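Morning, everyone. I have one structure to walk through today. Please have it up on your screens.

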Amino acid sequence: MLWSKLFIPTLKEIPQGAESIAHQLMLRAGFLRMLVAGVYSYLPCGLRVLNNVQNIIRREMNAIGAQEVLLPCLQPQELWDRSGRNAEMEEVMIRFVDRRGRKMCLGPTHEEVITELVADQVTSYKQLPLVLYQIQTKFRDEIRPRFGLVRSCEFIMKDAYSFDSKEEGLDNNYKLMYEAYLKIFSRLGLSPVITEADSGVMGGSLSHEFLILSESGEDTVYFCGECNYTSGKKSENCPGCASPLSEKKAIEIGHIFKLGTKYSNSLSAFFTDEKGSRAPVIMGCYGIGVSRAIAAIIEANHDAKGIIWPKEIAPFDLLLLPLNITDIDSRQLAFGLYHQLNQAGFNVLLDDRDERSGVKFNDADLIGIPLRVVIGAKSLKEKKIELQHRRDKSICAIDIDAAVEKIIQLNKKEGAG
Ligand SMILES: Nc1ncnc2c1ncn2[C@@H]1O[C@H](COP(=O)(O)OP(=O)(O)OP(=O)(O)O)[C@@H](O)[C@H]1O
Ligand SMILES: [Mg+2]
Ligand SMILES: [Zn+2]
């Protein structure tokens with residue numbers, strides 16, 4: 001991709017009303033724009049990031065045998081009457097009556113729809129266990145949309161649901177999900193703290209929250225600096241080592257629940273067991289705030305100049321930065337490398353703008369591509385180009401002829417993140 005053609009409206013000033021670092025950076029870097037409070041458009045770079053995050057989640061879900069589905073956003077309110085959650089979802093649910101007089105809503109979550117689906121299709125223990133997931137847009141009329149993607153009214157969630165015939169099956173699926181979550185968050189460049197949480201509105205017995213410590217979080221955790229013990233519930237001292245706990249703000253990026261039979265009972269998802277008797281399916285549900293995770297990734301991966309994308313999430317693998325595009329040699333080399341690197345399977349962004357190098361460097365720092373190749377007239381004379389890492393700012397000069405080979409090697413060996 002050529003920068004001159006890319007729809008990436010970067011901003012020099014900090015946009016008004018953007019309170020958190022992640023929100024400011026996404027706007028400034030030209031990844032995101034607000035339509036109205038709590039509702040956002042992803043521009044090309046933002047969408048690339050979103051797709052990368054989704055693919056990491058998808059691969060880890062598939063790896064534990066979860067199967068992807070896509071459930072409807074449009075849902076009948078009657079379903080929520082039957083589950084008993086219509087009243088408790090009163091405030092967040094976006095409702096309307098359609099032209100045929102059907103009372104509908106935009107799905108704030110999908111326990112009801114998926115339980116209904118399984119109730120209709122699963123009748124025997126032989127069809128269990130079953131784990132389904134989707135990555136999809138949710139709608140919630142949040143009273144206070146904040147911090148951009150952290151709390152929005154239209155957002156993307158990964159929601160998975162497990163269905164088992166036995167309690168041990170649920171235990172097993174819960175454990176698999178828990179472990180998959182650790183892998184996902186580590187690939188996303190996040191180090192969550194995990195607290196055992198209250199199941200609240202979801203009902204059920206056990207749940208864990210995955211949280212990223214950050215000033216722009218709306219959750220509070222109690223943290224022991226001595227042994228890393230973390231709790232969602234307030235208490236004076238750490239139960240492990242008796243040190244005083246400190247209060248920290250955190251962003252909830254994932255939440256897993258053992259639901260048990262709450263939804264299968266209310267929506268009649270029953271199966272016949274080995275002995276021929278009917279029993280409610282035992283369920284778990286497992287959410288990740290996909291769009292919220294992007295904000296958390298930036299909160300955890302930035303410096304004063306901009307975003308520092310972890311390798312797997314970056315919108316491009318590599319930024320080619322000729323300092324003077326009007327210089328014939330620089331231009332030729334830049335386009336030559338661009339084609340070779342594209343051929344080698346890299347996602348390359350070439351800054352082909354006729355701009356001052358200061359502007360180019362600032363923009364490069366802002367948008368946070370992990371690896372950058374700088375082509376300058378001076379080093380060209382020595383037949384060298386410069387490889388720069390965004391994260392640690394390390395620079396090395398390499399021979400032009402060996403450049404492509406070296407970049408391929410580097411990407412294989414240590415990654416650029
Ligand atoms: N308004 C929102 N905007 C963006 N992401 C959200 C929003 N609400 C929830 N999420 C994400 O979806 C995940 C699963 O949804 P869940 O229903 O468990 O959230 P929740 O308990 O309502 O979250 P919160 O307490 O932050 O409102 C959450 O862990 C969070 O990461
Ligand atoms: Mg909520
Ligand atoms: Zn402790």
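I will take the metal site, then a set of strands, then some backbone details.

Keep in mind that this is a predicted model.

Start with the zinc ion, ligand 3. Which residues hold it? The protein donors are Cys224, Cys227, Cys238 and Cys241, each through its SG atom. They lie 2.2 to 2.4 Å from the zinc ion. In sequence, the donor residues follow the spacing C-x2-C-x10-C-x2-C.

Now the geometry. Why is this site called tetrahedral? The angles between the four donor atoms run from 100 to 121 degrees. The cut-off asks for all angles between 85 and 135 degrees, so the arrangement around the zinc ion counts as tetrahedral.

Two of these cysteines next. Are Cys238 and Cys241 buried or partly exposed? Cys238 has a relative accessible area of 3%, so it is buried. Cys241 comes out at 33%, so it is partly exposed. The limit for buried is under 20%.

Ala242 sits in the loop between strand 12, residues 230–231, and strand 13, residues 246–260. Its phi is near 65 degrees, a positive value in a residue other than glycine. Most residues other than glycine have a negative phi. Ala242 is exposed, with a relative accessible area of 55%.

Ser268 is another case. Its phi is positive too, about 55 degrees, and it is not a glycine. Find Ser268 in the loop between helix 6, residues 262–266, and strand 14, residues 270–272. Its relative accessible area is 46%, so Ser268 is partly exposed.

On to the strands. Strand 6, residues 103–106, pairs with strand 4, residues 74–76. The sense is antiparallel, over three bridges. Pro76 stands opposite Met104 in strand 6.

Strand 6 also pairs with strand 5, residues 94–97. That pairing is antiparallel as well, over four bridges. Here Arg95 stands opposite Cys105 in strand 6.

What links strand 5 to strand 6? They form a hairpin with five residues between the strands. In that hairpin, Gly101 takes a positive phi near 85 degrees.

Where is the cis peptide bond between Leu128 and Pro129? Pro129 is in the loop between helix 4, residues 111–121, and strand 7, residues 130–139. Omega for the bond is about 0 degrees. Most peptide bonds are trans.

That is my tour. Thanks.

How values were computed: Residues are numbered from 1 along each chain as its sequence is written. Chains are lettered from A and ligands numbered from 1 in the order in which they are written. This is a predicted model: local features need pLDDT of at least 70, side-chain atom pairs count only at pLDDT 80 or more; totals for chains, interfaces and linings use all residues. Side-chain values use heavy atoms; hydrogens and water are left out. Donors are N, O and S atoms within 2.8 Å of the metal (3.2 Å for Na, K and Ca); water is not among the atoms, so sites may look incomplete. Four donors count as tetrahedral if all angles lie between 85 and 135 degrees; four count as square planar and six as octahedral if opposite donors are over 155 degrees apart and all others between 65 and 115; anything else is irregular. Buried means under 20% relative accessible area, exposed over 50%, partly exposed in between (1.4 Å probe, protein chains only). Two strands pair if DSSP finds at least two bridges between them. Helices (H or I, at least four residues) and strands (E, at least two) are DSSP runs, numbered from the N terminus.
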